[in-house]
Amino acid sequence: MKEYLDISDINNLHEIIDEAISLKKAPYSFEELGKHKTIGLLFFNSSLRTRLSTQKAAQQLGMHCIVINFGADAWGLEFEDGTVMNGSTTEHIKEAAAVISQYCDIIAIRAFPTLTDKEKDLSEHVLNNFKKYGSVPIVNMESATAHPLQALADAITITELKKTAKPKVVLSWAPHPKALPHAVANSFTKMMQRMDVDFVITHPEGYELNPEVTKDTPIVYDQEEAFKDADFIYVKNWSNYKEYGKVVNNDPSWTISNKQMAVTNNAKFMHCLPVRRNVIVADEVIDSDASVVIEQANNRTYSAQVVLKRILEHLK
Amino acid sequence: MKEYLDISDINNLHEIIDEAISLKKAPYSFEELGKHKTIGLLFFNSSLRTRLSTQKAAQQLGMHCIVINFGADAWGLEFEDGTVMNGSTTEHIKEAAAVISQYCDIIAIRAFPTLTDKEKDLSEHVLNNFKKYGSVPIVNMESATAHPLQALADAITITELKKTAKPKVVLSWAPHPKALPHAVANSFTKMMQRMDVDFVITHPEGYELNPEVTKDTPIVYDQEEAFKDADFIYVKNWSNYKEYGKVVNNDPSWTISNKQMAVTNNAKFMHCLPVRRNVIVADEVIDSDASVVIEQANNRTYSAQVVLKRILEHLK
Amino acid sequence: MKEYLDISDINNLHEIIDEAISLKKAPYSFEELGKHKTIGLLFFNSSLRTRLSTQKAAQQLGMHCIVINFGADAWGLEFEDGTVMNGSTTEHIKEAAAVISQYCDIIAIRAFPTLTDKEKDLSEHVLNNFKKYGSVPIVNMESATAHPLQALADAITITELKKTAKPKVVLSWAPHPKALPHAVANSFTKMMQRMDVDFVITHPEGYELNPEVTKDTPIVYDQEEAFKDADFIYVKNWSNYKEYGKVVNNDPSWTISNKQMAVTNNAKFMHCLPVRRNVIVADEVIDSDASVVIEQANNRTYSAQVVLKRILEHLK
């Protein structure tokens, strides 16, 4: 693997999931692989799981980690070409990416979308500029449109927990007071399209994700109908895609409660976290045995570790 | 030792002090013990000594450290049960504690009190929620009501420096412009109650600490009388406990100067730091040979190290 | 080397440059030297290159790194003697420096000037107080008046790239919207004065640097004349020194473009970064083969590493 920008960077999905599950059993078995290698973790946004699990994964591979919180620690970055930089930005991505590439063997980046400039977000502005001007492998720790480390952790979790060869998986929108990105929903959708599952998306009408992502995945506007006989319920809010970045619906009837879960096949409840309790999901569901959100978060370590392992092997 | 929330988690005080003094002489002698173990240091508040000394201690035991500054780096945490989380908090402690427990073998937490909600502070709201919902040992890096790593460092310092079998130790209040927590004073008091010392507390009337902490420790409202023949003067401001979190006295005559020290038995001056010079203590005292504040701070490393060592041994 | 506050701490410049170039070829050849040693990186200001390259250098020597962002992570520091600390500062440098010295074997500090209090800045207030009250070697990661790690990286870069025995090197002022420190220009000037180069400074009249730094270095007010036949053009803005810290000139004709470079001897373009494009330098120059800013930044690792190596050897 030469980089991990999107799940399309995974060639053989089965193999990488199996390898992640092996690493989970023996996390230090490749501790020599990352010796004398440095990963730079660049955060433009808040992070808990990603921050910790990626450091953990890197350390288990014997790597050094350097964490940078842009904004707080370093300089305001300019991404536009040809700008006269007499405003608030102090350093151009051209220099920043090239310079960081010299100190780090791998660069991992978290950079959320603007949710105001659709074109810029869809172009993966920040991530692609780091790729363009950097010279080392880039790992996506959640970008404007994708969260592939999360999707891989989700795939590992479903693989570990599924009880039938082809489980039914439902991605459900749920309400949220703030405008949230599409990244998690996009990457989960792409991942499910590649797995041997019966995959359905449910959300209020008008909340369609990018059709280039959903393609021919069935969309069911009736949540209850979608949930019927489901084995896994994956819940996530996203802001409107057409009225880009707007919150046009806050319907609490979409909040996941026992009522919704009742029609499933004893489905497991999944969410990438952080989750707003009693807005996205009722306490009664997330506190029940159906919830596997903690196991999911744990798999973030092994999804990061298998990706870093593959990239380190490619660097050799 | 299975956790370190309060000094009551220490069984054999003599033994742990002796072991800390041994570690000070050979800090890398248990470097293999923490191999492949990760400690997460969670800061909800500023920290210098605790931040550095706990990292140092962990590294000397061969552990990996991951530092998280809540607020700046991660998500706003919700601690209340059953809340509809449609406000400013983004993640519930139930998930946060469970998730961090999967990435870290030990979690160390600094979380100061509100000083406005007495009941919440006394319940050790943050610390106990991490304990309740987490699944790994918790180390208290200063909580609402306790600072047991400081108290252990203080006990080490007094043990190292005492010249008589049963020295006289005085805890004295001193003025401060801002409302400060009771944590240091509480833990020092509890620690002195367990040591073979003649222990007295002095403060202006009305500044009594929690009586459940002070118990039958003599309280002397006349600072000069309290200081007579003292071997150790431990100074600390705390805000009012009855009029909870209020600053009701700023009397500069309580500031420690040579005049106060004159009646002691050449007492050592102690303070946990940071200290406001010429408010808590006059330059002439803290700059004199009587001051042992730097040695005290140094012992923070070994108090943390002996605690982490004991917890690591318990994890095996 | 017992500390690195200024380039005057370098005895044999040739030797240290050669050693840095050797370390660049085999960065892990002294990995045992820093074993069980801790460096504390103290940032009072933003940093990208310094933050990363100094961590990288320390890790390549096998050291532990602890990073502290003052302001965000720790307490407000008081530097004045005898103050009654009842205001916004919480900890005196006397304690802070002494305490950090006990946790760290080397302390590296970044502290920019006020640019309002000339006397305070010239006294190297922050750095010298850490030196005065600390007890371990101090490394200057850019102080009020000096950036010696940058100057050493610059010297390494010129040594690697020069094509003649005695190249012509020009330090040129360029415009910038904000008041910037003199540190980089000062240290570069001092470094060039010690190297076997033909060194000239060019800037608008009235923008003279501290004459105690420039000494008898030729100053040419005509940028074009200064650039003639130059082999290296080193560009940097600095605020006015006489009208201390003021921006009294923003003349865009001083921005480095192809026109300026045309009269040079195919000069290499150098800048310490971060650089404001099309203010300090036109895209056409920094994007051309003449630009060596990325190589320069890379050498920051080896300038830090050779300095840390020398200090570690001195500590033994």
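The axes are lines fitted to C-alpha atoms, for helices over the stretch in contact, and the angles run from 0 to 180 degrees between N-to-C directions. Helices (H or I, at least four residues) and strands (E, at least two) are DSSP runs, numbered from the N terminus.

The model is predicted: local features need pLDDT of at least 70, side-chain atom pairs count only at pLDDT 80 or more, and totals for chains, interfaces and linings use all residues. Residues are numbered from 1 along each chain as its sequence is written, chains are lettered from A and ligands numbered from 1 in the order in which they are written, and side-chain values use heavy atoms, with hydrogens and water left out.

**Within chain A**

Helix 1 of chain A packs against helix 6 (residues 148-161) of chain A at an angle of about 80 degrees, and their axes are 10 Å apart. Helix 1 and helix 6 of chain A are therefore roughly perpendicular to each other. Contact here means heavy atoms within 4.5 Å. On the helix 1 side of chain A, the residues that meet helix 6 are A:Leu13, A:Ile16, A:Ile17, A:Ala20, A:Ile21 and A:Lys24. Helix 6 of chain A contributes A:Leu152, A:Ala155, A:Ile156, A:Thr159 and A:Glu160. This contact of helix 1 with helix 6 of chain A has eight nonpolar, one polar and two charged residues. In this sorting, Ala, Val, Leu, Ile, Met, Phe, Trp, Tyr, Cys and Pro count as nonpolar, Asp, Glu, Lys and Arg as charged, and the others, Gly among them, as polar.

A salt bridge is a side-chain nitrogen of Lys or Arg within 4 Å of a carboxyl oxygen of Asp or Glu. Over all chains the count comes to 51 salt bridges. One of them joins A:Asp6 and A:Lys190, with the closest N and O atoms 2.7 Å apart. A:Asp6 lies in the segment before helix 1 (13-25) of chain A and A:Lys190 in helix 7 (residues 183-194) of chain A, so the pair ties together parts that are 184 residues apart in sequence.

**Between the chains**

The size of an interface is often given as the accessible area lost when the parts come together. Buried area is the accessible area (1.4 Å probe) that two parts lose on being put together, summed over both. A polar contact is a pair of N or O atoms within 3.5 Å; within protein, one must be able to donate a hydrogen and the other to accept it, and residues adjacent in sequence count only if both atoms are side-chain atoms.

| Interface | Area buried | Share from carbon and sulfur atoms |
|---|---|---|
| chain C and chain A | about 2,800 Å² | 56% |
| chain A and chain B | about 2,800 Å² | 56% |

Where chain C meets chain A, the contact takes 32 residues from chain C and 31 residues from chain A. C:Leu48, C:Leu52 and C:Arg277 supply 22% of the area that chain C buries against chain A, more than any other three residues. C:Arg277 also meets A:Glu95 in a salt bridge between their side chains (2.7 Å, N to O). Three salt bridges are counted between chain C and chain A, and 14 residue pairs are in polar contact there (both at pLDDT 80 or more). Helix 2 of chain C gives the most to the side that touches chain A, with seven residues. That side of chain C divides into 12 nonpolar, nine polar and 11 charged residues.

Between chain A and chain B, 32 residues of chain A are in contact with 32 residues of chain B. In chain A, the residues that lose the most area to chain B are A:Leu48, A:Leu52 and A:Arg277, together 22% of what that side buries. The salt bridges between chain A and chain B number three. A salt bridge links the side chains of B:Lys94 and A:Asp287 (3.1 Å, N to O).

Chains B and C also touch through helices. Helix 2 (residues 49-60) of chain B and helix 3 (residues 93-103) of chain C pack at an angle of about 10 degrees, with axes 10 Å apart. That makes helix 2 of chain B roughly parallel to helix 3 of chain C.

**Backbone details**

A cis peptide bond joins B:Leu273 and B:Pro274, with omega about 0 degrees. B:Pro274 is in the loop between strand 11 (268-270) and helix 11 (283-286) of chain B. In chain C, a cis peptide bond joins C:Leu273 and C:Pro274, with omega about 0 degrees. A:His36 has a positive phi of about 70 degrees although it is not a glycine; A:His36 is in the loop between helix 1 and strand 1 (38-43) of chain A.

Note on methods:
Angles under 35 degrees count as roughly parallel, over 145 as roughly antiparallel, 65 to 115 as roughly perpendicular and the rest as oblique.
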